[in-house]
Amino acid sequence: MRLSFSSARDIVRMVRGKEVSAKDVVEEVLDAISRIDPQVKAYLRVDEEGALKQAEEVDRRLARGEEIGSLGGLPVTLKDIFCVRGEETTCASKILVGFYSPYNATIIEKLRDNGAIFVGRTNMDEFAMGSTTENSAFGVTRNPWDLERVPGGSSGGSAAAVAAREAIVALGSDTGGSIRQPASFCGCVGIKPTYGRVSRYGLVAYASSLDQIGNFGRDVYDVAMVLRVLAGHDMKDSTSADIEAPDYAAALDEEIRELKIGIPKEYFGEGLSAEVRAAIEKAIKALESLGAITVEVSLPHTEYAIAAYYIIASAEASSNLARYDGVQYGHRTKSHRDLEEMYTKSKGEGFGAEVKRRIIMGTYALSSGYYDAYYLKALKVRTLIKRDFEEALKKVDCLITPVSPTPAFKIGEKVNDPLTMYLSDIYTISCNLAGLPGISIPCGFDSEGMPISFQLLGQPFGEGTILRIGHAYQQVTDFHKRVPPVADRAASA
Amino acid sequence: MKEITVDDVEYAARLARLELTDEEKKSMTAQVRDVLNYVAKLNELNTDDVEPTAHVLPIKNVWRPDRREESLKADDVLGMAPKTHNGMLRVPRVLE
């Protein structure tokens with residue numbers, strides 16, 4: 001049996017039915033990591049001892065006839081951006097090396113209460129700033145479908161681990177596409193829920209009006225199952241919404257007949273690769289054959305989204321990252337003449353190039369004389385973008401779009417050209433500006449064997465609908481079942 | 001709008017208390033200039049009568065009941081600090 005290839009749904013069922021023990025499951029996942037990760041490098045740290053201990057505890061509870069929770073025995077892999085009490089969280093930054101959190105993120109408490117087992121932390125772009133995971137201070141993660149290519153980012157490690165069968169499900173965060181784009185590059189499912197759907201208490205902040213926690217799985221069912229545990233109101237996050245989370249997985253089998261899916265014409269214009277376009281057009285046909293009704297809609301301010309986003313995100317980042325001053329935690333420079341120099345040198349030594357760039361850009365955009373021209377202007381354009389979605393979503397239940405203009409590109413290809421890199425985020429960014437839920441669903445492969453996905457953007461708190469459409473699509477396609485060569489080789493070795 | 005210069009980058013770095021090397025200042029000026037030139041695209045839009053959106057949720061102040069709750073233990077919090085002294089955070093002299 002290859003438990004590391006199983007779905008979360010099957011694992012939870014088998015553990016509950018005592019067909020396998022939680023320890024068996026964890027041992028197989030740890031074994032998969034030891035075979036596959038030397039090539040993919042998705043993980044920053046693996047907690048073998050801790051994971052086995054947690055598994056034994058689940059098995060003990062089960063043996064005593066106690067409730068083990070809706071995710072009992074399920075190994076969950078975490079992006080290295082969540083605070084877990086007593087454990088290191090680095091955000092792939094040198095500035096946080098040695099930071100051991102004194103508290104748990106709310107999602108950690110929820111997952112643990114539901115019997116999940118934490119196996120390790122995945123690589124990411126430093127402080128979630130990037131689209132390739134190349135901005136990590138601790139090395140490059142590789143795309144499981146082609147080790148010379150990027151896995152996407154910023155949650156590249158989580159996406160790569162799930163796709164490479166060295167994680168069953170994983171968590172990430174998404175500020176401008178950081179879950180959906182790597183899911184697409186690696187060929188797994190990734191959801192960014194509505195802003196406010198999941199508590200962000202204990203998530204290291206990047207851009208607070210855009211950040212949202214979400215999750216990865218190999219199919220929609222697994223994603224729905226875990227999302228239900230993550231979602232819900234939390235007194236500790238004043239931006240979390242007091243709206244009950246439905247049982248997403250239980251509603252997946254409802255028909256999608258008569259659902260209206262909008263096709264925003266601005267998302268299919270210049271810059272979209274022919275192969276990605278063809279794969280998405282085929283997916284649209286498949287959804288139509290399942291009874292969905294598609295209509296063309298317009299989001300006229302789409303071309304302004306990237307400009308608005310990079311001002312807003314950088315401005316918020318420059319403010320959020322001011323806390324890393326070497327006083328309360330994190331890196332402090334060894335030599336300094338005075339307090340000011342302690343601040344400047346600690347930050348200069350601790351942050352990487354992309355983080356520094358965004359701090360400078362954000363500080364500049366917020367500085368006296370430029371605030372109105374850059375920051376305020378961007379906030380006003382954000383209103384226009386949000387209104388576009390409100391208009392479109394009056395007519396349809398959700399939208400279908402590409403996730404990224406191209407499949408995964410080569411490592412190093414865009415790393416020295418920030419603007420070109422930013423421009424590739426065109427299809428994922430508006431969703432964060434408008435606070436909507438978005439999901440990325442595998443729908444094909446290009447001629448070089450790299451995965452392609454489509455994206456569904458839903459109504460606020462309409463995760464259930466986009467999950468249902470994704471699930472219906474996966475019942476008639478098998479792109480999500482294909483296994484990357486690196487996992488296949490490891491399994492047969 | 002005038003283009004960003006090395007002086008502007010130095011000024012922003014001072015505001016952000018961020019040390020940059022000369023090499024970083026040079027490359028960053030060019031890269032940030034590229035991005036800001038692209039951002040100038042926003043000026044194609046007339047936004048005179050548009051309200052800004054800082055936040056998508058219709059939430060303003062959120063209060064919790066005013067009752068005593070347990071907070072983090074001082075030892076746990078100070079345990080992460082690079083330097084402490086008698087239960088306090090230690091930093092270089094602030095006043096001369």
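Here is a short chat about chain B and the cavities of this predicted model.

Modeller: Local features here need pLDDT of at least 70 and side-chain atom pairs pLDDT 80 or more, while totals for chains, interfaces and linings use all residues. Residues are numbered from 1 along each chain as its sequence is written.

Biologist: How do you know how many helices and strands chain B has?

Modeller: Helices are DSSP runs of H or I with at least four residues, and strands are runs of E with at least two. Chain B has 3 helices and 2 strands, in the order α-α-α-β-β.

Biologist: What share of chain B is called buried?

Modeller: Buried means under 20% relative accessible area, with a 1.4 Å probe and protein chains only. Of the 96 residues in chain B, 29% are buried.

Biologist: Why is a space called a cavity, and how many are there of 30 Å³ or more?

Modeller: On a 1 Å grid over the protein atoms alone, a cavity is a set of points where a 1.4 Å probe fits but cannot get out. The count comes to 3 cavities of 30 Å³ or more.

Biologist: Which residues lie nearest the centre of the largest cavity?

Modeller: Lining residues have an atom within 4 Å of a point. There are 15 for the largest cavity, with Gly130(A), Ser131(A), Ser178(A), Tyr309(A) and Asp425(A) nearest its centre.

How values were computed
Chains are lettered from A and ligands numbered from 1 in the order in which they are written. Side-chain values use heavy atoms; hydrogens and water are left out. Buried means under 20% relative accessible area, exposed over 50%, partly exposed in between (1.4 Å probe, protein chains only). On a 1 Å grid over the protein atoms alone, a cavity is a set of points where a 1.4 Å probe fits but cannot get out, and a pocket is an open set with protein on both sides within 12 Å along at least five of seven lines; lining residues have an atom within 4 Å of a point. Grid points are joined across faces, edges and corners, and a volume is the space filled by probe spheres set on the points.
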